[in-house]
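Subject: Structure handover and findings

Hello,

Here is the structure for you to look through.

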Amino acid sequence: MCPGVESEKPGDCPKCGMALERNPAWKPDTKTIFTCPMHPEIEQDHPGDCPKCGMALEAKVISNPEPDDDVELGEMQRRLCIGALCALPVFVLAMGHLFPGAPHWFMGAVSRWIQFALTTPVVLWAAWPFFVRGARSLRTGNFNMFTLIALGVGAAYAYSVVAMLAPGLFPQTMQIHGGVAIYFEAAAVIVVLVLLGQVLELRARSRTGSAIRALLNLAPATARIVDGSTEREVSLAQIAVGATLRVRRGEKVPVDGSVMEGQSSVDESILTGEPMPVAKTASYTVTGGTINGTGTFLMRAERVGSETMLARIVQMVAEAQRSRAPIQALADRVAGWFVPAVLGIAVLTFILWFLLGPEPPLAHALVNAVAVLIIACPCALGLATPMSIMVGVGRGAQIGVLVKNAEALERLEKVNTLVVDKTGTLTEGKPRLMSCHAVGGVEENDLLAIAASVEHSSEHPLAAAIVSGAKARDLTLRAVSDFQSTTGGGVSARVDERSVLVGKPAFLRERGVTGLDTLVSTSAPLQEQAQTVIYVALDGAAAGFIAVADAIKKSTPAAIRALHALGLKIVMLTGDNKATAAHIAKQLGIDEVTAEVSAADKQRIIQELRSKGARVAMAGDGINDAPALAAADVGIAMGTGTDVAMESAGVTLLGGDLRNLSRAVLLSRALMRNIRQNLLFAFLYNALGIPIAAGLLYPFFGILLSPILAGVAMSLSSVSVITNALRLRSLRL
């Protein structure tokens with residue numbers, strides 16, 4: 001009676017006093033799990049920093065269609081603003097000797113004390129998160145970019161403080177007019193540059209969730225639930241399975257279900273990519289997030305909450321974005337020894353400059369060691385792969401290509417052979433009855449009614465065509481007993497005390513059926529016209545055949561041409577007869593075809609192709625395709641198919657449009673190219689930057705890299721990797 005009252009525990013309603021009852025659609029709020037984009041194995045139920053790389057953890061699954069206020073981004077922006085305001089005058093004072101006519105105090109003790117006063121909050125407050133992460137990395141042994149930043153900034157600041165407060169501790173050769181050179185500006189500006197890089201990175205990372213937010217926005221916030229003669233608007237969380245919902249003109253379908261009453265046309269382009277609305281009448285299924293057209297209808301809710309197609313898509317995209325491609329192992333191996341190596345190079349740089357460098361040796365040694373630590377921050381290396389995967393998987397979801405994990409995309413790039421099923425993949429998967437032929441004194445309608453009665457218990461698309469054809473002729477289905485199904489062969493049962501076999505010729509021959517050869521000869525012309533023939537036997541004797549046809553999808557010819565243009569060899573494996581398969585293969589220009597194969601045969605053939613060196617992708621939609629999908633290098637499920645097929649596949653094509661397969665291949669190639677670009681840039685950046693920072697150019701050109709410039713280069717390297725990854729968002733497919 002009081003829908004606004006909710007409680008986690010049983011009790012009485014505080015408004016009307018009635019006992020509260022359980023809402024079957026209600027689920028208690030689950031904790032948000034936070035994970036690291038670079039180390040997805042790190043998970044916890046509260047925000048924080050990754051104990052391995054120091055990056056901020058982010059929500060594993062985005063549940064809010066609107067971007068949340070990013071607490072860390074706001075905090076970093078505050079630290080950046082205040083740090084920049086303090087660092088700017090420090091930099092100006094430190095560069096005072098370059099300004100003609102600058103006041104004398106610019107180079108004196110007053111300037112030093114001002115620099116010290118302004119740098120201290122920058123280092124001890126603005127940079128505090130970096131020191132916390134750096135200390136944790138040293139304590140746990142998981143060295144990362146913050147290890148280098150904390151050591152570099154801390155060394156520059158500590159050296160400058162000692163040089164200002166106790167210059168007498170340094171040798172006379174390092175003192176100029178009683179003072180020792182200080183580097184407060186290096187510490188302050190480096191902190192600001194690192195903060196700037198963090199802010200830019202956090203903003204870019206927040207954009208990678210745009211694909212999931214776009215999917216979440218497809219679902220309406222509320223629905224109209226019908227209870228007898230009353231209607232009320234409720235949130236989606238209050239909808240239970242079995243509820244009756246009204247969907248009015250122009251509204252979004254709230255959950256998955258079926259039409260009970262009324263008729264309309266529904267825009268299903270989010271699933272199929274086709275702009276033409278689909279007519280919906282009683283018993284037709286509708287999917288949450290699709291848009292109702294001009295009519296109004298009542299629907300029954302059948303899948304709600306996390307069980308809807310839209311929720312499953314969101315979950316699949318989120319999990320894929322967190323997955324790791326095998327190529328990531330290369331970056332992980334490098335990162336494992338990279339930071340310790342950099343620390344060693346920094347120590348060696350310090351020693352060589354201190355022993356062999358010009359006056360003052362300690363200052364030169366410190367500056368160059370700090371430059372090495374700062375420029376070598378491995379953030380670009382760590383971000384190279386995860387950022388590309390997050391953006392690429394999101395881009396795939398926008399075009400109807402759902403990726404189960406990043407490994408599937410990496411394998412798809414290398415595929416050179418595509419194996420396809422016929423029914424439901426190349427064809428509509430909705431065959432219809434074309435003709436029925438009876439022999440041996442059996443009436444045609446009797447033969448069809450008996451076959452339909454037996455096939456009514458089967459889940460095969462051809463069985464559905466026979467049943468639909470019988471119903472179209474207003475034939476009455478009969479009681480069936482002892483039903484048995486043989487995958488890839490046919491079905492058997494007893495009807496009206498008669499033994500009935502329905503299936504392929506080989507299936508009937510194995511069971512001793514007589515008179516079959518004449519029927520096979522009679523049906524040959526139909527098979528040459530791409531009609532599939534199913535044979536029927538009664539009490540061990542051939543009784544006739546039923547012909548059904550499955551139209552080729554309108555999108556299939558263009559899809560085959562696009563796949564050939566990508567250099568793929570296309571092989572069709574089908575359980576259908578050879579004549580029908582050959583006719584369709586010739587129409588579509590398919591390279592190779594094998595017909596009359598079982599599910600086990602498909603799996604075996606794929607394994608044989610792989611043993612010969614082929615990189616195989618398999619596209620299918622049925623339960624019988626699941627073993628073959630699992631056996632291929634990459635399994636590709638048609639989104640209109642079964643849940644089993646989707647679970648066995650690495651890639652799912654929403655709407656079952658084979659054209660999306662060429663888009664998936666293009667996406668995989670672009671993604672892997674993007675990752676390699678990022679890794680190459682990160683490796684080259686460090687390979688060139690570290691020697692320059694260590695002073696390699698000084699003996700030849702007298703050039704030294706300032707720690708400030710090293711900080712600029714470090715920030716730009718991360719930003720460039722992120723920017724390159726974000727290019728995938730606008731990838732034309």
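Two strands pair if DSSP finds at least two bridges between them. Helices (H or I, at least four residues) and strands (E, at least two) are DSSP runs, numbered from the N terminus. With that in hand, look at strand E19 (residues 490-495) and strand E20 (residues 498-503). They run antiparallel, joined by six bridges. Alanine 493 has valine 500 in E20 as its bridge partner.

Some ground rules. This is a predicted model, in which local features need pLDDT of at least 70 and side-chain atom pairs count only at pLDDT 80 or more, while totals for chains, interfaces and linings use all residues. Residues are numbered from 1 along each chain as its sequence is written, and side-chain values use heavy atoms, with hydrogens and water left out.

**The sheet**

Strands of a sheet pair through backbone hydrogen bonds, either parallel or antiparallel. Here, six strands form an open sheet, and the pairing is antiparallel. The order is E17-E22-E21-E20-E19-E18. Strand E17 (432-438) and strand E18 (480-486) stand at the edges. Each has a single partner strand, so one side of each is left without a neighbour in the sheet. On average, neighbouring strands of this sheet are turned by 20 degrees against each other, direction ignored.

E18 and E19 also run antiparallel, with five bridges between them. Valine 480 has valine 495 in E19 as its bridge partner. The hairpin of E18 and E19 has three residues between the strands. In that hairpin, glycine 488 takes a positive phi near 80 degrees.

Aspartate 496 lies in the loop between E19 and E20. Its phi is positive, near 55 degrees, and aspartate 496 is a residue other than glycine. How exposed is aspartate 496? It is partly exposed, with a relative accessible area of 48%. (Buried means under 20% relative accessible area, exposed over 50%, and partly exposed in between, with a 1.4 Å probe and protein chains only.)

Serine 283 is not a glycine, yet it has a positive phi of about 80 degrees. Find it in the loop between strand E11 (278-280) and strand E12 (285-286). Serine 283 is exposed, at a relative accessible area of 60%.

**Helices around the sheet**

Two packed helices are described by the angle between their axes and the distance between the axes. Axes are lines fitted to C-alpha atoms, for helices over the stretch in contact, and angles run from 0 to 180 degrees between N-to-C directions. Contact means heavy atoms within 4.5 Å.

Helix H14 (residues 461-472) packs with helix H13 (residues 444-455): their axes come within 8 Å and cross at roughly 130 degrees. H13 and H14 are therefore oblique to each other. (Under 35 degrees counts as roughly parallel, over 145 as roughly antiparallel, 65 to 115 as roughly perpendicular, and the rest as oblique.) Leu448, Ala451, Ala452 and Glu455 in H13 meet Ala463, Ile466, Val467, Gly469 and Ala470 in H14. These divide into seven nonpolar, one polar and one charged. (Ala, Val, Leu, Ile, Met, Phe, Trp, Tyr, Cys and Pro count as nonpolar; Asp, Glu, Lys and Arg as charged; the others, Gly among them, as polar.)

H14 also lies across E17, strand E21 (531-538) and strand E22 (541-549). It runs at about 95 degrees to E22.

**Helices that meet H22**

Helix H10 (residues 361-375) packs with helix H22 (residues 659-694) at an angle of about 170 degrees, their axes 8 Å apart. That makes H10 roughly antiparallel to H22. Asn368, Ala371, Val372 and Ile375 in H10 meet residues of H22 including Tyr685 and Ile690. The contact has seven nonpolar, three polar and no charged residues.

Helix H12 (residues 406-413) and H22 have axes that come within 8 Å and cross at roughly 100 degrees. H12 and H22 are therefore roughly perpendicular to each other. Leu409, Glu410, Leu412 and Glu413 in H12 meet H22 residues, among them Arg669 and Arg676.

Glutamine 398 sits in helix H11 (residues 379-398). Glutamine 398 and arginine 729 are 331 residues apart in sequence, and 9.5 Å apart in space, C-alpha to C-alpha.

Best wishes
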